[in-house]
Amino acid sequence: MKKHLLLLLCIVLPVSAYAETAEEKGLAIAVEADKRDTGWSDQTSSMKMILRNRQGEESQRDIRNRSLEVESDGDKALIIFDTPRDVKGTAFLSFTHAIKPDDQWLYLPALKRVKRISSSNKSGPFMGSEFAYEDISSQEIEKYKYKFIKDEDLNGRATFVNERYPQYKHSGYTRQIAWIDKQMYQPLKVEFYDRKGELLKTLTYHDYKQYLNQYWRPDRMEMVNHQTGKSTTLLWSEYQHKTGLTDRDFDKKSLKRAR
Amino acid sequence: MWFRSILTGLLLVTVTTVLAGEWSGYVAGEFRWFPNDPSDPLQYKDTNISAAFRPEYAHQWDKGRQSFSFIAFGRVDQHDDERTHGDIRELLYIKAAENWELQAGVGKEYWAVTEFRRLTDIINQDDEVEVPDRREKLGQPMVNFALVQDWGTLGFYVLPYFRERTFPGVEGRLRTIPRVDVDNPVYESPDEDKHVDYALRYAHTLNEWDVGLYYFDGTGRDPRLVPGLNSSGEVVLIPHYDLIEQYGLDLQGTFEEWLWKLEAIHRSGQGPDPRFWSASGGFEYTFFGVKQSAVDVGLLVEYIWDERGRNATTPFANDWFVATRITLNDVDSSELLAGFVIDGSSQAHSLYVQGSRRFGGNWKLDLTARTFQNLTPADPGYSFRNDDYVQLQLFYYF
């Protein structure tokens, strides 16, 4: 990730010295956000996912997450399901890349099968939720083009309103509008616009906490689909960083141990 | 003997860690309906009910670098005495270090990449009484040491005990006629099921390609079924387990919506065909988010070929498999797989439909139907000609 960062800085800095366009300012905000969120090495967390349909009926999933920061490429992530019980032990391994397709494997514990899967379903729902795969995968700078819109106060917090346009293939969105907190350099709200340009979903972030005096993580995320009336809540807990995980905890063999 | 000591050790580990880990699993009820009268009057007619139990215990520690797991399986069947059976599917300790990994106990290895026929899988024996399509496997005692390096994973397997294939009993459906007598198998090795088998496997991922290559030396899992008389003078098929050597390849290329798959084996030492090739390959293409919905529709085409042709130990020597997989991506994980198999050298074909969905947090319903058409007496699957069936399974997961 660092190499890309330096390259971007080389492009951004000389220009911003005399006149900064909206695109340059938008990119600069993304670069700063990425810089501030670098160096956590690895992260583990638990997540409760609550799915709600239009009638308000709920169902729940319990998920464990691990991710590994990778220099000069996208991060590696391992997601393990504890519930629903019929998919307990099912694990999803992904090697994120900025522009070229991610590498993804699915582990099916009943068969003990590790299956390489297509990563083209970026806009598909993750486990029946309102989160698409592209919403939960690691956010690399190069995945978007940016445009700064304005400064705005959101719920009493000063934010940058920054538009981003997906540059990777198979995205379900034409654009996203993100409200980035000026102190944390983390999003407070993101609006997602579908392929027809209409507002599809709104994601809000709540109860940020700081870890290792540097990394801000939300305790709760709310995704609302305006077109279907369905929503999904993510409740995060047990965040840990720098636990000493290595590539070996993110390989095909590790899937079989990750129950 | 040394293997028994390892097993005893593992059982002790089970007892001592039993409080630290977690139990899960399922109880399942199964209902099968056969609309046609059986080919053999000794087989049951119409319907069959059955229940299965699969408890599982898992524990990991050392930041996930060590794990212990235990999976048992048991089934009680209304008509088929052979299908009423139990098995230890897994009793496995795994230790992972930075550059190597050790597995010891009873385990399962899935190497195949194609969907229709798991051609390359050789570590585990088929639990044929469960389903007639090689999907269910028996637990295999093993010690596996693997080097995990930048250039790939090199695994060495010692398989100290052989598991015989299960076959349906006298009253069971989906069986050969005459039936297979599992009581007196014939082994080429004088050590019979105590013969120690070995395998060596190399596996690696190179960008879009996942590749595996292996060598196996030991008692082949695929028996030849030889007609003979059993102790009561009945004509039966007797399983002959030969000592074989086998090389295998599994390869998958993943290019956006396309999955390209190839499996190949070369086997020597089995019966009258001293050496032969078999291969299976094809693709899976998925239309993701059809018409802006969440629904994925996949198209699968596979071809399987066996050099032995009609003399093959499997009914699939020149067959096409064409199927569609529909995934709704809804809250209940609803899925449907529908396809057919066509024999390239006869008019025989078979239809297969399987759908499943979850109910609430703990229940799952699975509906499967299979038909067999135009089977001629020359077809190895001729015994199945009246065994079209519909199966309903209800699982409760805990």
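Modeller: Start with one bridge in this predicted model. Arg224(B) has His240(B) in β12(B) as its bridge partner.

Colleague: In which sense do β11(B) and β12 of chain B pair, and over how many bridges?

Modeller: The general idea comes first. Strands in a sheet pair through backbone hydrogen bonds, parallel or antiparallel. Here β11(B) and β12 (residues 235-241) of chain B are antiparallel, with six bridges.

Colleague: What is the strand order of the open sheet in chain B?

Modeller: The order is β8-β12-β11 in chain B, three strands with mixed pairing. β8 (186-187) and β11 (224-229) of chain B each have a single partner strand, so they are the edges, and one side of each lacks a neighbour in the sheet.

Colleague: Now zoom out. How many helices and strands does chain B have?

Modeller: Chain B has one helix and 21 strands. Of its contacts between residues at least 6 apart in sequence, 56% link residues at least 24 apart.

Colleague: Which radius of gyration does chain B have, and what would a compact globule have?

Modeller: Chain B has 22 Å; a compact globule of 398 residues would be near 21 Å, so the two agree. The C-alpha box is roughly 60 × 55 × 40 Å along the principal axes. Buried residues account for 38% of the 398.

Colleague: Which elements of chain B give two or more residues to the side that touches chain A?

Modeller: Take the counts before the elements. In chain B, 37 residues contact 28 residues of chain A. The elements giving two or more residues are β2 (46-61), β3 (66-77), β4 (85-96), β13 (243-255) and β21 (389-397) of chain B. By class, that side of chain B has 12 nonpolar, 14 polar and 11 charged residues.

Terms used:
Residues are numbered from 1 along each chain as its sequence is written. Chains are lettered from A and ligands numbered from 1 in the order in which they are written. This is a predicted model: local features need pLDDT of at least 70, side-chain atom pairs count only at pLDDT 80 or more; totals for chains, interfaces and linings use all residues. Two residues are in contact if their C-beta atoms, placed from the backbone, lie within 7 Å. Helices (H or I, at least four residues) and strands (E, at least two) are DSSP runs, numbered from the N terminus. Ala, Val, Leu, Ile, Met, Phe, Trp, Tyr, Cys and Pro count as nonpolar, Asp, Glu, Lys and Arg as charged, and the others, Gly among them, as polar. The radius of gyration is taken over C-alpha atoms; the globule rule is 2.2 Å times the number of residues to the power 0.38. A residue is buried if 20 or more other C-beta atoms lie within 10 Å of its own, exposed if 12 or fewer, and partly exposed in between; C-beta atoms are placed from the backbone. Two strands pair if DSSP finds at least two bridges between them.
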